[in-house]
Amino acid sequence: QYYDNTFPTAKEQAAFERSVFSKTQWAGGEIACLEGLTVVYRSSVDLFFYVVGGCQENELMLSAVLTCLLDTLGHLLRPKRASGGETEAGHGVAARSRKEVEKRWLLENMEGTFLVVDEIVDRGVILESDPQQVIQRLSLR
């Protein structure tokens, strides 16, 4: 989701995304400064998640937003447990204790994913960084 006109066209957005991914996919860090922007990123199973802010943005706050997003999605997108302690995907309970977000679950629950993002950020303004608050608000809907 883009909240300003830093990259006004879809072509410029795609080029920026390719550049960011190529520079971060093998990097071991969580924070990078690219093209004058602060990029906070993390991988989760088969996905990469990015929060991008201006160079004046606080990296700790951007990291808190990313952590909130991943923790909330990990909680909401966790598969329901079947009998015998197994998840629907057939993995043991211990395998899911990390609250990782997988591509398949994210795609199957895209509407919920957008709701989570909307609860955390509104037009580029950070509203919430506590995953429990986001989960509580979403449970009221």
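1. Terms first. Buried means under 20% relative accessible area, exposed means over 50%, and partly exposed lies in between, computed with a 1.4 Å probe on protein chains only. The model is predicted, so local features need pLDDT of at least 70 and side-chain atom pairs count only at pLDDT 80 or more, while totals for chains, interfaces and linings use all residues. Residues are numbered from 1 along each chain as its sequence is written, and side-chain values use heavy atoms, with hydrogens and water left out.

2. Overall layout. The protein has 5 helices and 5 strands. Helices (H or I, at least four residues) and strands (E, at least two) are DSSP runs, numbered from the N terminus. Along the sequence the pattern reads α-β-β-β-α-α-α-β-β-α. Of the 141 residues, 33% are buried. Contact here means heavy atoms within 4.5 Å. Among contacts with a separation of 6 or more, 43% join residues 24 or more positions apart.

3. Two strands pair if DSSP finds at least two bridges between them. Strand S1 (residues 31–34) runs antiparallel to S2, over 4 bridges. Within that pairing, Cys33 has Thr38 of S2 as its bridge partner. S2 and S3 are also antiparallel, with 8 bridges. There, Ser44 is bridged to Leu47 in S3. Strand S2 (residues 37–44) is largely enclosed by the rest of the structure, because 6 of its 8 residues are buried.

4. Most residues other than glycine have a negative phi. Glu35 has phi near 55° and is found in the loop between S1 and S2. That hairpin has 2 residues between its strands. Glu35 is partly exposed, at 48% relative accessible area. The hairpin of S2 and S3 likewise has 2 residues between the strands, and Val45 in the turn takes a positive phi of about 55°. Arg123 has phi near 50°. Arg123 sits in the loop between S4 and strand S5 (125–126). At 71% relative accessibility, Arg123 is exposed.

5. A nonpolar core is a set of buried Ala, Val, Leu, Ile, Met, Phe, Trp, Tyr and Cys residues joined through side-chain atoms within 4.5 Å. The largest such core has 20 residues, and those with the most contacts inside it are Phe49, Leu73, Val101, Val116 and Ile120. S3, H2, H3, H4 and helix H5 (131–140) each supply at least two residues of this core. H2 gives the most, with 7 residues.

6. Phe49 and the second core. Which residues does Phe49 contact, leaving aside its neighbours within four places in sequence? They are Val40, Tyr41, Arg42, Ser44, Leu66, Leu69, Leu70, Leu73 and Val101. A second, separate core has 8 residues, including Phe7, Phe16, Ala32 and Tyr41.

7. Leu115. This residue lies in helix H4. Leu115 counts as partly exposed, at 28% relative accessibility. The C-alpha atoms of Leu115 and Leu138 are separated by 7.8 Å, with the two residues 23 apart along the chain.

8. Largest pocket: size and method. On a 1 Å grid over the protein atoms alone, a pocket is an open set of points where a 1.4 Å probe fits, with protein on both sides within 12 Å along at least five of seven lines; lining residues have an atom within 4 Å of a point. Grid points are joined across faces, edges and corners, and a volume is the space filled by probe spheres set on the points. The largest pocket holds about 1,400 Å³.

9. Largest pocket: lining. The lining has 38 residues, and Gln1, Tyr3, Tyr50, Val51 and Val52 lie nearest the centre. Helix H1 (10–24), strand S3 (47–54), helix H2 (59–76), helix H3 (103–108), helix H4 (110–120) and strand S4 (121–122) each supply at least two lining residues. S3 gives the most, with 8 residues. By class, 25 lining residues are nonpolar, 6 polar and 7 charged. Ala, Val, Leu, Ile, Met, Phe, Trp, Tyr, Cys and Pro count as nonpolar, Asp, Glu, Lys and Arg as charged, and the others, Gly among them, as polar.
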